[in-house]
Amino acid sequence: MEMRLNAASIWLLILSYGATIAQGERTRDKMYEPIGGASCFRRLNGTHQTGCSSTYSGSVGVLHLINVEADLEFLLSSPPSPPYAPMIPPHLFTRNNLMRLKEAGPKNISVVLLINRTNQMKQFSHELNCPNQYSGLNSTSETCDASNPAKNWNPWGTGLLHEDFPFPIYYIADLDQVTKLEKCFQDFNNHNYETHALRSLCAVEVKSFMSAAVNTEVCMRRTNFINNLGGSKYCDPLEGRNVYATLYPRKPAIENNLETVHTNEKFILVTCRLDTTTMFDGVGLGAMDSLMGFAVFTHVAYLLKQLLPPQSKDLHNVLFVTFNGESYDYIGSQRFVYDMEKLQFPTESTGTPPIAFDNIDFMLDIGTLDDISNIKLHALNGTTLAQQILERLNNYAKSPRYGFNLNIQSEMSAHLPPTSAQSFLRRDPNFNALILNARPTNKYYHSIYDDADNVDFTYANTSKDFTQLTEVNDFKSLNPDSLQMKVRNVSSIVAMALYQTITGKEYTGTKVANPLMADEFLYCFLQSADCPLFKAASYPGSQLTNLPPMRYISVLGGSQESSGYTYRLLGYLLSQLQPDIHRDNCTDLPLHYFAGFNNIGECRLTTQNYSHALSPAFLIDGYDWSSGMYSTWTESTWSQFSARIFLRPSNVHQVTTLSVGIVVLIISFCLVYIISSRSEVLFEDLPASNAA
């Protein structure tokens, strides 16, 4: 009977404990309400740190809605119950306003919330006026003049991406949650401002503590410190993968002679930028800043593959490369140049001979294509080659046979766009580098709003075969000003000019790029990776996400999905069908098994591969981090990002609670002392026989 009572007592205690925990969780859920969003985070280079960080335990601030610029004055002039958390719409998220909040310091401002109210927004760019100004050909105004809007590449830039803030900045995109925050502000905070210190207020807590500080040199030293027994990591180098493919399969290297360059092997190098960036983690599609150029690049590669014969010993090969990390001082292209100098591209694992600069006839770098009708061909010097390529481009751009109705202008000067070609020209100003770039018109460059709306993209969503080339007179019913037709026109012009350069013959055919492939390409990268083009370039039955791939370079072990999709896409579009090879025998590169357009599976001979996009600065022993020779960007580590709103007690309430606690503590000590000193009177001594 006694054992049953003991068991019942234990079960009663367990149930009571469980009920207490459940009640505590319900109480916590009533006190705090989570807010979803994206946080600004910290990056570092060789000289300083940028971005944001909360305090270790999280930063708390009273919500205050900013509707007009004058609302900031309340926060900047001795507010009654600091610190505050201003909720700022995009049109007021300006450099001037953010720097004023920064000067106010964490004493008055502990959190900044960027809310997705875009009705008055006209421009929004976090990047500098001259992107990558100090890592290109030169840092003088000859390349880009930040003080002159007419001569810089981002006139709408605020430079906030490169500022360091003493408080976290949290972006809230969901309009329902924005409404929730505004309602909480209206119900509790938006009346009797002078009495804020006397009542409970709606507040927000943001946790986004960054482990790294100062600069890359300090951070890497702390990370690599020999006595760091715990294995703590404070930052990681920005690191990703370039993706490349050749038009024709290359001959394998001679056995036991992998380091010998084939001097008679010649390439035309066609490149573009793969990545983009913003202030906030995981948000930003880079629709106009790099995806447009990437789309044209992809279509040029596919069109050349279809127009040129499958293989020829007499024709030049074409090396297509997408560089990753170009937003951060040209990480991908710097590493590419470094590897070529050391004859380490491609790697020995590919079984092909290295490619040297002498193997490259010339480079055509496809930059940003903001305004299709105002494209320029840039070169550092007005060479015969540059003039020849310009004439060929305009021959097809202006030809009534195709009806593209475009005019490509030229600029032969040091006023070069911020593209990958600058890494090559920095090594050798005489390198044959040509840049196809449009006049800057993107008011949302390197920001969260450079999306499908910014490029006016509407998905046609057809089921037709996008892998087939089309006749020049097809799609007459399609709007000639649509994004798909613009990509078709520009990529066709470039491919035709390269066709003539490779073959020595003018292109007289009627086949042009397919706008339906442009439709699928843009849908895959802007709206959903679960799309027909990505499915065709994947293994049969692959499960794809319904989110667009992130195109931020990230770090080792971070998301590299954009490189993965690009790898499969270039592999599929530049491959040769091998109908006689069974699926079971199509497992080792260069053979690759794809689902194909009909999703029935097909074996193809591919040429695609990866190369490292990690700055040489992290490979060189004793590198001078402040030299500016190579990119030195790192990303801080963090534990988690979270935000929640709650009612913060008034200052009076908190002081009262503390005072009562102190009084109770003092009284308790006094009672314990009194009881202890009079214990012989209050408690009788027990008989010795009962002491046990």
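Ser 54 sits in the loop that joins β4 (49-50) to β5 (59-65); strands are DSSP runs (E, at least two residues) and helices likewise (H or I, at least four), numbered from the N terminus. The model is predicted: local features need pLDDT of at least 70, side-chain atom pairs count only at pLDDT 80 or more, and totals for chains, interfaces and linings use all residues. Residues are numbered from 1 along each chain as its sequence is written, and side-chain values use heavy atoms, without hydrogens or water.

Ser 54 is buried, at 5% relative accessibility (buried, under 20% relative accessible area; exposed, over 50%; partly exposed, in between; 1.4 Å probe, protein chains only). Beyond neighbours within four places in sequence, Ser 54 contacts Ser 59, Pro 168, Val 206, Lys 207, Ser 208 and Phe 209 (contact, heavy atoms within 4.5 Å). Its C-alpha atom is 8.7 Å from that of Ile 169, 115 residues away along the chain.

Two domains are assigned: domain 1 (29-220 + 640-653) and domain 2 (239-614), with bounds from an automatic or database assignment. The contact takes 37 residues from domain 1 and 34 residues from domain 2. The domain centres, taken over C-alpha atoms, are separated by 37 Å. About 3,300 Å² is buried between domain 1 and domain 2, with 64% from carbon and sulfur atoms; buried area is the accessible area (1.4 Å probe) that two parts lose on being put together, summed over both. On the domain 1 side, Asn 132, Leu 137 and Trp 153 lose the most area to domain 2, together 24% of what that side buries.

Val 663 lies in helix α14 (residues 651-677). Val 663 is partly exposed, with a relative accessible area of 46%.
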